[in-house]
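Thanks for coming. I will talk through one structure, helix by helix and then hole by hole. Please have a look at it before I start.

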Amino acid sequence: MPILIAGSAIIMVSFAIRASFGVFQIPIASEFGWMRTEFSFAIAIQNLFWGIGTPIFGAIADKFGDRKAIVAGALCYAAGLVLSSYAVTPGQHQILEMLVGFGIAGTGFGVILSVIGRAASDENRSIALGIGTAAGSAGQIVGPITAEFLLRFMPWQSVFFVFAAAILAILVVLPFLRGGSAQAAIQSEPIGVVLKKAISDPTYSMIFLGFFSCGYQLGFITAHFPAFITEMCGPIAPGGMLSSMGVSTTSALGAVAIAVIGLANIFGTFTAGWLGQKYSRKYLLAGIYVARTIVAATFIMLPITPGSVLVFSGLMGALWLATVPLTSGLVAQIYGLKYMGTLYGLVFFSHQLGGFLGVWLGGRMYDLSGDYTLVWWIGVGVGAFSALVHLPINEKPLEQRSGLQGAVA
């Protein structure tokens with residue numbers, strides 16, 4: 001329990017900051033007169049280096065210890081935020097987002113879920129991973145609203161300093177984050193052998209490819225949805241429910257929408273983790289991607305109103321990170337626990353390649369066409385692809401299929 005609480009706290013703060021970057025899209029671009037592509041590309045690079053960093057920090061954690069990897073990640077995160085507050089050109093922001101991306105990698109799912117997964121028993125692992133993932137959703141509720149609130153009283157540069165202090169402060173929980181259980185140590189094969197077996201397995205390739213669309217959709221929506229709502233959503237009715245709650249502008253609604261996604265995802269990820277204990281994870285993942293495809297297609301075909309934004313945010317939120325406990329659990333189930341950080345980190349790299357494309361393409365297409373419609377439809381297409389690619393996955397542990405003494409799930 002202490003490991004689950006401490007790990008969830010780190011993920012929550014890390015994701016609170018990460019989820020807030022879309023709120024800074026318009027303020028930063030407006031201050032410097034940048035085109036939408038330029039700041040979008042900075043967030044895209046952040047997503048890419050988050051993906052590059054995840055297997056690296058996973059390997060550091062597997063070899064040198066989880067807590068050392070987390071400290072290194074937090075230092076990268078804080079340094080990236082502080083230095084970004086002084087950046088005045090697109091190139092400076094883009095370079096510094098590499099540090100931020102590494103910081104998210106060191107304090108995010110790849111490292112923390114591996115610790116939680118190793119500490120949990122076989123029967124409770126899926127739901128424990130769901131709880132850890134739900135903590136990221138809780139951060140998503142807090143982050144954008146906090147950023148929007150702070151921006152009323154201070155410049156965006158100062159908000160970055162506040163966030164840097166927050167990610168360093170969370171390191172106080174590290175003493176509670178001790179290594180996983182003894183069952184993870186059963187696996188005796190060196191990491192190179194395990195990696196070779198995984199990479200040569202078609203199932204691993206399918207998991208890798210399937211996670212791409214998740215990253216595309218999440219990256220695009222996190223980075224561009226607040227700006228999309230600000231510019232495309234119909235007006236908020238005076239005297240209505242939103243207005244009575246203090247949400248009187250579409251800009252404020254954009255921050256609320258990201259928070260609603262996070263709130264709904266607490267339920268979604270917890271439910272996905274619970275279902276993963278009882279049913280086939282590959283079929284659950286295929287179902288989630290089908291549902292995302294339907295929700296996104298329906299939303300973009302209908303008029304964009306405050307009501308449709310909230311409905312979409314709730315439905316997409318229930319599916320948002322529900323893929324993470326199922327995907328990470330699938331990796332542990334098939335390839336074992338000892339090198340879960342590295343193996344899941346490589347799969348997560350595919351997720352972040354998708355995130356990079358979703359964020360960058362969103363900004364690029366906006367500058368070319370003035371809207372995001374094509375980017376939405378690409379997201380619908382890749383979601384359908386992911387639903388299909390999960391169906392042939394072989395969920396049986398690799399050692400049982402090969403007859404070799406390998407990964408122990």
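I begin with helix α15, residues 323-335. Its 13 residues should span 18 Å at 1.5 Å a residue, and its end C-alpha atoms are 18 Å apart, which agrees. The expected span here is 1.5 Å times one less than the number of residues in the helix. As for the name, helices (H or I, at least four residues) and strands (E, at least two) are DSSP runs, numbered from the N terminus.

Some housekeeping. This is a predicted model, in which local features need pLDDT of at least 70 and side-chain atom pairs count only at pLDDT 80 or more, while totals for chains, interfaces and linings use all residues. Residues are numbered from 1 along each chain as its sequence is written, and side-chain values use heavy atoms, with hydrogens and water left out.

Back to α15. Is this helix enclosed by the rest of the structure, or open? Twelve of its 13 residues are buried, so α15 is largely enclosed by the rest of the structure. Buried means under 20% relative accessible area, exposed means over 50%, and partly exposed is in between, with a 1.4 Å probe and protein chains only. The buried residues of α15 include Thr323, Pro325, Leu330 and Tyr335. Val324 also lies in this helix, and at 1% relative accessibility it counts as buried. From Val324 to Ala198 the C-alpha distance is 19 Å, and the two are 126 residues apart in sequence. After α15 comes Gly336, with a positive phi near 100 degrees.

Now to helix α1, residues 2-19. α1 has 18 residues and reaches 25 Å from its first C-alpha to its last, close to the 26 Å expected at 1.5 Å a residue. Of those 18 residues, 15 are buried, so α1 too is largely enclosed by the rest of the structure. Met1 sits in the segment before α1. With 68% relative accessibility, Met1 counts as exposed.

Next, a pair of helices. Two packed helices are described by the angle between their axes and the distance between the axes. For α7 and α12, the angle is about 175 degrees and the axes are 7 Å apart. That makes α7 roughly antiparallel to α12. The contact of α7 with α12 has 17 nonpolar residues, eleven polar and one charged. The axes are lines fitted to C-alpha atoms, for helices over the stretch in contact, and angles run from 0 to 180 degrees between N-to-C directions. Angles under 35 degrees count as roughly parallel, over 145 as roughly antiparallel, 65 to 115 as roughly perpendicular, and the rest as oblique. For the classes, Ala, Val, Leu, Ile, Met, Phe, Trp, Tyr, Cys and Pro count as nonpolar, Asp, Glu, Lys and Arg as charged, and the others, Gly among them, as polar.

α7 (125-150) and α12 (250-276) each supply at least two lining residues. Which helix gives the largest share? That is α12, with six residues. By class, the lining has ten nonpolar, one polar and two charged residues.

A word on terms. On a 1 Å grid over the protein atoms alone, a cavity is a set of points where a 1.4 Å probe fits but cannot get out; a pocket is an open set with protein on both sides within 12 Å along at least five of seven lines; lining residues have an atom within 4 Å of a point. Grid points are joined across faces, edges and corners, and a volume is the space filled by probe spheres set on the points.

How many cavities of 30 Å³ or more does the structure hold? It holds two. The largest has a volume of about 70 Å³, and its lining includes Tyr216, Phe220, Met316 and Trp376. α10 (202-232) gives the most to that lining, with four residues. The lining has seven nonpolar residues, two polar and no charged.

The second largest cavity has a volume of about 40 Å³. Among the residues lining it are Arg18, Phe21 and Asn47. Its lining divides into three nonpolar, four polar and one charged.

That is the end of my part.
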